[in-house]
Amino acid sequence: MWPLATRLGLRSWLGWRRGFTSKADPQGSGRVTAEVIEHLERLALVDFGSQEAVARLEKAIAFADRLRAVDTDGVEPMESVLEDRCLYLRSDSVVEGNCAEELLQNAHQVVEEYFVAPPGNISLPKQDEQEPFSDN
Amino acid sequence: MLGRTLREVSAALKQGQITPTELCQKCLSLIKKTKFLNAYITVSEEVALKQAEESEKRYKKGRSLGDLDGIPIAVKDNFSTSGIETTCASNMLKGYVPPYNATVVQKLLDQGAVLMGKTNLDEFAMGSGSTDGAFGPVKNPWSYSKQYREKRKQKPHGENEDSDWLITGGSSGGSAAAVAAFTCFAALGSDTGGSTRNPAAHCGVVGFKPSYGLVSRHGLIPLVNSMDVPGILTRCVDDAAIVLGMLAGHDPKDSTTIQDPVKPFTLPTLTDVSELCIGIPKEYLAPELSCEVRSFWSKAANLFESEGAKVIEVSLPHTSYSIVCYHVLCTSEVASNMARFDGLEYGHRCDINVSTEAMYAATRREGFNDVVRGRILAGNFFLLKENYENYFIKAQKVRRLIANDFVKVFNSGVDVLLTPTTLQEAAPYLEFIKEDNRTRSAQDDIFTQAVNMAGLPAVSVPVALSNQGLPIGLQFIGRAFCDQQLLKIAKWFEKQVQFPVIQLQELMNDGSSVSEIEKLASVSLKH
């Protein structure tokens, strides 16, 4: 089902992942557990792909932890530098568009005026649910 | 002709000394000669020639559209350009052709500007070297300048001549290189953490970041919605002001643009700086700051003082946290903004068709490089329920503290702040890649990104050459929406320092070009 290259990549990747939890990262906060990794990968739909990437995340978190030193009692979060101004939205009336053909040209899989997506509602397999590989 | 300022060339076009088509062809030819710089991802030759032709017709009828009519410009490849591939230097968008123009691009085209091409950048504008794009790194034209090469000869180096080329800085490195190498008269960049000012300083050009809310972001593929602005790169401050005049103003398609009316303006010439108060933030005296940059910064402060301005030390107490705060906010917004790339409606799509999730995951693995993926994952971490308050909200609070620091300083009577733009001159590529993208960004953005957090206007002006013959720039930071005043002061300063022109004679050295330059240099322009 899956192209061979992806399966091979997945296999070696799974291998290091199983080994990961037994390694302690001396620089990291230890917060990036295997569960966190899996959770982030599902949320982001981007995989770590390597030990280095996890180490990088650990460093990023350690870097961000420096914010704890700042006293922010009584400070409101700032969402936009333009918070003191009124920013207006356009009125909800159609003034342009009608370019379905142009837009469809940028998509890889199209049927008539539809974008074709693979079936939804199928979650990514969990780590322990991965099939052992056989050459199919 | 290519070494002229925008204003001078515009005058030459109006007087018929050169036609838009000739100008366009000269630039195209120079782009071909400087191809090794890798400044351009797409050169829109046919489009450019067609636009030049139309401009020529207008000039013949005496109906030019304005100062930008017929002027070659370049646009960073994260601005959408209708009919021209827009990739953001990423595999994710290779082959993507937007069906619309970004507002700023449209405004330039409406003024008759001639689009030479789309310039190279770090992938999705993430980075400070223009080294991490899918089309390869951009080389700094100063690596090939006479000024740099002469200094190098004094040092023994037996290696291949080209292995020690320098980075342009980033992420708008392609735009900076394109302007520095005379292939266009102005280029658009984007500025989220210093991405316009950093390469401007390394390439010896002017890099201007407008106030957030002044220039439309519609069509700029977003990195951090609350901090991105389109940036302007030119060879002199006056040119940047001309371009700003055309681009600024409310856009109904971008609700974060302010409604205040903006008119094109001619930048007045400041002659007397004695009324000015220049602030020098003491926290910007970082230990990593190179001696040369520090010395130029100090000389600049003295220059203002000697001309009668009041120069005072000010404090921005939260400066040391601004990089961390930026890191959290940037990765969080990136995590959200990159979610749109799923391969379904545009961009790269993988071959997996098992399920939408599997397809999205594989598409994104294939389409994004490590830097982008790293930021997405970090951002998602900071946005997790258990982390949201401690990281994201905390960072937003710190952002307010940083913005307030600036407000306090400006309220105390300071007109502009004067700071370095970068820690040192452009580094050799081989040195630069020794550290990863995040580390480099954290180091190199130190002077520039607090400005984005506060949404203030800032400009990097090239000051002088270092001992190695490389450009050093200094940054001026202005009050919100006082862009004109900021540019006025920058223009005065630029005139005082008289930054040298890059000598790329080896490139220009084919019989015809050299004699043309000599011929035109002797023509006096009558306004």
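Which residues in helix α2 (residues 34-44) of chain A are buried? I looked them up and found A34(A), V36(A), I37(A), E38(A), L40(A), E41(A) and A44(A). Here buried means under 20% relative accessible area, with exposed being over 50% and partly exposed in between (1.4 Å probe, protein chains only). I reminded myself that an α-helix has 3.6 residues a turn, so residues three or four places apart point the same way. Just after α2(A), I noted that L45(A) has a positive phi of about 55°.

A note on ground rules. I am reading a predicted model, where local features need pLDDT of at least 70 and side-chain atom pairs count only at pLDDT 80 or more, while totals for chains, interfaces and linings use all residues. Residues are numbered from 1 along each chain as its sequence is written, chains are lettered from A and ligands numbered from 1 in the order in which they are written, and side-chain values use heavy atoms, leaving out hydrogens and water.

Chain A next. I counted four helices and two strands, in the order α-α-α-α-β-β along the sequence; these are DSSP runs numbered from the N terminus (helices H or I, at least four residues; strands E, at least two). Of its 136 residues, 32% count as buried. Among chain A contacts (heavy atoms within 4.5 Å) with a separation of 6 or more, 64% come from residues 24 or more positions apart.

Then chain B. I found 19 helices and eleven strands there. Of its 527 residues, 65% count as buried. Contacts between residues at least 24 apart make up 79% of those at least 6 apart in sequence. The C-alpha trace spans about 70 × 60 × 60 Å along its principal axes.

Why did I take chain B for a compact globule? With 527 residues, such a globule would have a radius of gyration near 24 Å, and the 22 Å of chain B agrees. That radius is taken over C-alpha atoms, and the rule is 2.2 Å times the number of residues to the power 0.38.

Last, I checked the record. An unreviewed UniProt entry lists "domain: Amidase" for residues 25-145 and 167-487 of chain B, and such annotations may be inferred rather than shown by experiment. Residues 25-145 of chain B are 27% helix and 12% strand, with end C-alpha atoms 23 Å apart.
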